[in-house]
Amino acid sequence: VGIVFSVVLYRLIAAISLGSSQTGTINGEQSSTSYLLGDGEQNRKLLEIYEAIREGADSFLFAEYRICLYFIAAFGSLVLVLTSRTDGEWDFK
């Protein structure tokens, strides 16, 4: 069910055109407007927001992977130590 839902969402998003301008009506008036990519100032703001989101996501992932690394190292060491003691002696094979 989840895979089918993700395919449907992918197709909906892939159908969105990212053209630089499109002619349409706004408040009943015919005008040529920027669709998703604006001109000048809008592009600058869009790129600024994009960079802030990307920087935050990179920071989050770095912190998340660091925590995962600590957990895996600690838990792996614990499992190694607890499973290596057999018959009263250490057996690190």
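The points below go through the salt bridges.

1. A word on the source to begin with: this is a predicted model. Searching the whole structure turns up three salt bridges.

2. Let's start with Arg 44 and Glu 48. These two form a salt bridge in which the closest N and O atoms are 2.9 Å apart. Both sit in helix H2 (residues 41-84), and because they are four residues apart there, about one helical turn separates them. Arg 44 is partly exposed, its relative accessible area being 43%.

3. Next comes Glu 51, which pairs with Arg 54; here the closest N and O atoms are 2.7 Å apart. Helix H2 holds both residues, and their spacing of three residues is about one turn of the helix. Glu 51 has a relative accessible area of 36%, so it counts as partly exposed. Arg 54 falls into that class too, with 37% relative accessibility.

4. Which residue forms a salt bridge with Arg 54 at 3.0 Å between the closest N and O atoms? Asp 58 does. Asp 58 and Arg 54 are four residues apart in helix H2, which means about one helical turn lies between them. With a relative accessibility of 40%, Asp 58 is partly exposed.

5. Through salt bridges with shared partners, Glu 51, Arg 54 and Asp 58 are joined into one network. Arg 54 takes part in the bridge to Glu 51 and in the bridge to Asp 58.

Key:
Residues numbered from 1 in each chain as written. Predicted model: local features only at pLDDT ≥ 70, side-chain atom pairs only at ≥ 80, totals over all residues. Heavy atoms only, no water. Salt bridge = Lys/Arg side-chain N within 4 Å of Asp/Glu carboxyl O. Helix = DSSP H or I, 4+ residues; strand = E, 2+ residues; numbered from the N terminus. Buried < 20%, exposed > 50% of the residue type's maximum accessible area, 1.4 Å probe, protein only.
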